Amino acid sequence: MSRTYAPRLSRRLGNAAFLVFACAATAVALIALFAILWALVKQGVEGLNLQVFTQSTPAPGSEGGLLNAILGSIMMSTLGLAGAVFVGVLAGTWLSEYSRNSAYGRVVRFVNDVLLSAPSILIGLFIYGIMVAPMKGFSGYAGAAALGLIAAPVITRTTEDVLRLQPISLREASVALGAPVWRTILQVIWRSAKAGMLTGALLAFARISGETAPLLFTALNNQFLSLDMSKPTANLPVVIFQFALSAYDDWRRLAWAGALLIAAAVLTVTVIARILAREPKRS
Amino acid sequence: MTAAQAIDVAAAPPRPVARGAFLDRAFEWLCFGAASLLLTALAGVVISLAIGGWPALAKFGPTFFVSATWDPVAEVYGAAGAVVGTLVTSALALLIALPLALGVAIFLVELCPTVLRRPIGTAVELLAGIPSIVYGMWGLFVFAPWFAKHVQMPVMMAAPPGTVWEKITTGVPNGAGILTASIILAVMILPFIAATLRELLLTVPAQVRESAYGLGSTTFETIRLVSLPYIRTGAVGAVMLGLGRALGETMAVTFIIGNAHGLPTSIFASGSTIASTIANEFAESTGLHSAALIALGLTLFVITFIVLALARALIGRQTHA
């Protein structure tokens with residue numbers, strides 16, 4: 001005869017309570033996400049209209065949009081990302097292909113991790129110290145440099161990770177065919193790791209396009225439309241910060257519209273990066 | 001003819017190096033330079049903060065870290081208020097986020113139906129992608145009023161006079177304050193901790209877990225007695241990573257902490273953190289004021305550096321073990 005095993009009631013209750021807690025915790029996280037997205041969409045859509053994209057930030061009480069801020073953000077993020085991709089890809093390549101197990105390699109890897117999670121406001125202070133203070137003026141270039149310095153460690157990290165995943169035989173095959181090492185890296189390794197590296201760049205872009213703190217005292221803000229990045233440059237995050245904390249209703253409406261735009265852009269890029277990352281490789 | 005050719009080929013010296021090999025050194029140096037640039041950047045951050053903050057550190061000496069007076073008019077600066085504010089909000093945030101993150105990770109690994117695993121996992125990751133300024137706006141305009149009405153007011157009303165309870169919940173019930181900031185921080189770091197814990201939980205070997213189940217353990221017991229001890233070191237590392245994020249978070253906190261100098265008096269009172277103080281004041285500061293702010297920044301760097309170094313050491317040990 002067989003007896004089915006059943007744990008004692010107290011243990012079953014403990015287990016049930018625990019399972020309920022795990023589900024509740026997940027529910028809390030999901031509720032938070034939807035509460036934030038709901039508020040964003042509800043308040044943001046109200047402030048969203050064609051003017052937002054065609055006019056510059058207004059004085060309180062008059063009509064206007066976010067054109068200068070959107071343009072400034074795009075310019076600074078793009079320039080910062082370009083620099084970060086250049087440095088990050090090369091640094092990641094060095095870590096993966098050349099550093100081997102050298103002590104210096106370990107130091108650089110650790111330093112990169114520290115930079116990766118250093119508070120972004122400190123990056124802003126650093127760029128202020130080396131670019132804004134000596135040049136006696138806030139500028140879009142300083143903002144781009146700050147954003148680049150935040151993005152570079154992200155790209156370095158992802159580049160190293162994906163390059164390490166490429167099989168050794170791929171490198172050997174290329175070298176055996178007579179290609180020098182640099183050509184092997186450029187045309188074989190980078191090419192086969194393309195999707196992963198692109199994901200890294202997209203994630204870095206998502207991260208910097210919402211950054212506010214380091215721009216507060218590097219790019220500052222500019223009320224007018226300007227393509228000159230050697231002057232203070234308007235950007236969405238700082239405009240949102242100033243407008244949201246202002247006492248004017250029309251400014252706050254614009255802040256919500258801007259927040260919606262930024263969140264939508266960042267989340268879209270994040271989702272694209274995730275999809276790209278999990279897309280199966282062609283065989 | 002053919003014989004001669006064969007001899008020619010054999011006689012020709014083998015090409016010693018691949019074509020374009022002279023660029024190899026150049027490319028290696030280029031990569032090396034990029035890697036070293038990162039090192040230089042970090043050194044630059046430390047040095048520029050040290051130089052920039054020096055006037056304040058030299059003037060106030062050790063009292064800078066002990067005094068909680070922050071008075072730009074009288075030019076007297078002490079970091080204690082902001083440092084305590086930073087540590088308290090981060091610790092509270094961790095206290096709230098950790099159980100939730102553990103719950104989410106366990107849900108995703110153990111309980112979630114396979115169909116829902118990816119969507120829910122992605123949703124939690126999206127929480128990590130929302131820019132902090134959006135958290136700030138949401139916290140200030142949506143969460144704070146709700147929190148004031150449904151949590152702060154009842155809790156303050158219910159507090160028996162003269163007890164510790166009353167003492168730690170005094171303040172203006174406007175929704176902004178230490179606890180509100182901690183809650184928003186908790187939501188922000190939750191996805192990071194949950195993601196790391198989830199990955200760690202997936203490293204627990206199936207045999208070990210199945211043995212526990214085989215001995216008659218419930219899910220709760222398996223996780224508590226087998227999985228959690230297995231991932232312990234890495235889990236502490238994950239917590240430290242979350243803590244590192246909370247310590248340096250700027251914009252969301254600046255929106256909702258209330259920005260009052262000095263030591264926080266209760267969990268509902270306004271306060272400030274290092275990052276929020278810098279964000280609020282640096283652009284308009286001059287002279288000693290900006291030096292004091294940079295010295296605050298250096299303090300923040302040292303605190304986060306210690307936390308991160310510990311986290312890396314612990315997580316590294318777990319994954320290499």
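**Notes on a predicted two-chain model**

1. Contact here means that the C-beta atoms, placed from the backbone, lie within 7 Å. B:G78 sits in the loop between β2 (76–77) and α4 (80–111) of chain B. Helices (H or I, at least four residues) and strands (E, at least two) are DSSP runs, numbered from the N terminus. With 21 other C-beta atoms within 10 Å, B:G78 is buried. The cut-offs are 20 or more other C-beta atoms within 10 Å of a residue's own for buried, 12 or fewer for exposed, and partly exposed in between, again with C-beta atoms placed from the backbone. There is also B:L296, 218 residues away along the chain, with its C-alpha atom 9.1 Å from that of B:G78.

2. A word on what we are looking at. This is a predicted model, in which local features need pLDDT of at least 70 and side-chain atom pairs count only at pLDDT 80 or more, while totals for chains, interfaces and linings use all residues. Residues are numbered from 1 along each chain as its sequence is written, and chains are lettered from A and ligands numbered from 1 in the order in which they are written.

3. Chain B as a whole: it has 13 helices and two strands. Its radius of gyration is 27 Å, well over the 20 Å that the globule rule gives for 321 residues, so chain B is more spread out than a compact globule. That radius is taken over C-alpha atoms, and the rule is 2.2 Å times the number of residues to the power 0.38. Along the principal axes, the C-alpha atoms fill a box of roughly 110 × 65 × 35 Å. Of the 321 residues, 46% are buried. Take the contacts in chain B between residues at least 6 apart in sequence, and 76% of them join residues at least 24 apart.

4. Have a look at α8(B), residues 178–202. Of its 25 residues, 23 are buried, so the helix is largely enclosed by the rest of the structure.

5. Now chain A, which has 11 helices and zero strands. Its radius of gyration is 24 Å, whereas a compact globule of 283 residues would have one near 19 Å. The C-alpha box is roughly 80 × 70 × 35 Å along the principal axes. Buried residues account for 51% of the 283.

6. Domains in chain A: the assignment, with bounds from an automatic or database source, gives domain 1 (9–47) and domain 2 (51–278). Their C-alpha centres lie 31 Å apart. The contact between them takes six residues from domain 1 and seven residues from domain 2.

7. The contact between the chains takes 76 residues from chain A and 69 residues from chain B. On the chain A side, α1(A) gives the most, with 20 residues. By class, that side divides into 58 nonpolar, 13 polar and five charged. Ala, Val, Leu, Ile, Met, Phe, Trp, Tyr, Cys and Pro count as nonpolar, Asp, Glu, Lys and Arg as charged, and the others, Gly among them, as polar.

8. Most residues other than glycine have a negative phi. A:K136 is in the loop between α5 and α6 and is exposed, with 6 other C-beta atoms within 10 Å. A:L220, in the loop between α9 (194–209) and α10, is buried, with 21 other C-beta atoms within 10 Å.

9. Last, A:L81 in helix α3 of chain A. A:L81 is buried, with 23 other C-beta atoms within 10 Å. Beyond its neighbours within four places in sequence, A:L81 is in contact with A:A151, A:A201, A:A204, A:F205 and A:I208. The C-alpha atom of A:G137, 56 residues apart along the chain, is 22 Å from that of A:L81.

Technical notes. Two residues are in contact if their C-beta atoms, placed from the backbone, lie within 7 Å.
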